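User: I would like to go through this model by question and answer. Please keep each reply brief and end it on the item asked for.

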Amino acid sequence: MRRSMLFIPGNTPNLLMNGDVLGADSIILDLEDAVSPAEKDSARILVRNALKSLNYKGCEIIIRINPVDTDYWMHDLDEIIPLKPNMIMPPKVSCAQDVKTVSDYIAKLEEKCGFEKNTVKLIPLIETAMGIENAFQIAGADERVAAMFLGGEDLTADLRCKRTKEGTEIFYARTRMVCAARACGIDVYDTPFTDVEDIEGLYTDARFAKALGFSGKASISPRHVEGINEVFSPTQAEIDYAHEVMETIRIAKEQGKGVVSLRGKMIDAPIVARAQQVIEMERAMFGGVEDDD
Amino acid sequence: MNITKSAVAGTLESSDVYVKAEPCDKLEVEVESVVYNQFAEEIKKSIMEVVEDLGVTSGKITVNDKGAIDCVIKARVETAIKRAGGDK
């Protein structure tokens, strides 16, 4: 389950040490924008040591490396891949070839480390106009791609427009990303809400992203994690309905019925799929739920 | 690795450590720490592990610790030594 992804600067020990107690499902240890060029070496070594020594229990580890047009990204991967992070986030991905370039290099390192192929997944960060236009090709570029993430700040700079709280300027990008990701069967994550103090605004933005189809949302502040988790979790009513759907299906199968309805509405394949997703989320959130199958 | 020039790594912020590596005829380690009385020996041990791993036989390593955990101390010492050895 990945609802919230929290950015943690890669060269800040007191934040790195506490990454797993801030409530986020995933933490993104950042070697890119949060680290000045003069400190890239320092952050890389610090993050590598943190992964080696700290437990980060119950937290997915994502490393944002530097872009493929810099001299840093291969050094980042050299240090990080042997520690087997869950995912690598290459930034400023603009085309399928960017993904292939990173994936091929990871494959070499995985082989060297004796890891199974595609152990480390990719979550490309799409934050250029070209990247948005190529979103479908990027999503399907490589087996390693498990999710995509929209970066609204760099994107609006590239689009030469102002980034607003309402997000009208990134509406097209958001819907295109969701459509591309879903077409390729992968998850998709929304850009952070950057006003750390505006919690109501965060809820509004997160609810809108969820309504568009995003799987979750990133955050640059621990203060936003709780709200994101809340918005992207199923409600009790949704959980109850999902169990009702699965129970109705079970009874119908026992009775040999082909077509069934619940509360006057026919239960078709998309409703069952949605119910299964909700129950999977419930299991991930609370664990120990009885199997409905 | 030889320490051929002076270099620093880390910060003086809480939970971090500031490390200076500089050329010296012999191997010297100097530690100042907010938790010196409790952890001086552990800190020196961590520093020496990195020094030995990197094959440094001479140089002066000065450490000003602000309560960093072991993996942070080792990271900052490694960075300072590599910078002092010409790596970046």
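User: How many bridges join strand 7 of chain A to strand 8 of chain A?

Analyst: This is a predicted model, in which local features need pLDDT of at least 70 and side-chain atom pairs count only at pLDDT 80 or more, while totals for chains, interfaces and linings use all residues. Residues are numbered from 1 along each chain as its sequence is written, and chains are lettered from A and ligands numbered from 1 in the order in which they are written. Helices (H or I, at least four residues) and strands (E, at least two) are DSSP runs numbered from the N terminus, and two strands pair if DSSP finds at least two bridges between them. Strand 7 (residues 147-150) and strand 8 (residues 187-190) of chain A run parallel, and the number of bridges joining them is three.

User: Which residue in strand 9 of chain A is the bridge partner of Asp190(A)?

Analyst: Strand 8 and strand 9 of chain A run parallel and are joined by two bridges. For Asp190(A), the bridge partner in strand 9 of chain A is Lys217(A).

User: Which handedness has the β-α-β unit made by strand 8, helix 9 and strand 9 of chain A?

Analyst: A crossover is called right-handed if, with the strands pointing away from the viewer, the path from the first strand over the helix to the second runs clockwise. The helix of this unit is helix 9 (residues 199-212) of chain A, and the unit is right-handed.

User: What is the strand order of the open sheet in chain A?

Analyst: Strand 1 (residues 4-9) of chain A pairs with strand 9 (residues 216-219) in the parallel sense over three bridges, with Ala218(A) as the bridge partner of Met5(A). The edge strands, which pair on one side only, are strand 5 (121-122) and strand 6 (125-126) of chain A. The sheet has nine strands with parallel pairing, in the order 5-4-3-2-1-9-8-7-6.

User: How many of the five residues of strand 3 of chain A are buried?

Analyst: A residue is buried if 20 or more other C-beta atoms, placed from the backbone, lie within 10 Å of its own, exposed if 12 or fewer, and partly exposed in between. Strand 3 (residues 60-64) of chain A is mostly covered, and its buried residues number four.

User: Through which helix does the chain cross from strand 2 of chain A to strand 3 of chain A?

Analyst: Strand 2 (residues 26-30) and strand 3 of chain A pair in the parallel sense over five bridges, and Ser26(A) has Glu60(A) as its bridge partner. The crossover between these two strands is right-handed, and its helix, residues 40-53 of chain A, is helix 2.

User: Through which helix does the chain cross from strand 3 of chain A to strand 4 of chain A?

Analyst: Strand 3 and strand 4 (residues 87-89) of chain A run parallel and are joined by three bridges. Arg64(A) has Met89(A) as its bridge partner in strand 4. The β-α-β crossover here is right-handed, by way of residues 73-80 of chain A, helix 3.

User: Why does Tyr56(A) count as partly exposed?

Analyst: Tyr56(A) is in the loop between helix 2 and strand 3 of chain A, and has a positive phi of about 45 degrees although it is not a glycine. Tyr56(A) counts as partly exposed because its C-beta neighbours inside 10 Å number 17.

User: Is Arg160(A) buried or exposed?

Analyst: Arg160(A) lies in the loop between helix 7 (152-159) and helix 8 (171-183) of chain A. Its phi is positive, about 60 degrees, although Arg160(A) is not a glycine. With 7 C-beta neighbours inside 10 Å, Arg160(A) counts as exposed.

User: How far apart in space are Asp33(A) and Pro9(A), C-alpha to C-alpha?

Analyst: Asp33(A) is found in the loop between strand 2 and helix 2 of chain A. Asp33(A) and Pro9(A) are 24 residues apart in sequence, and their C-alpha to C-alpha distance is 8.5 Å.
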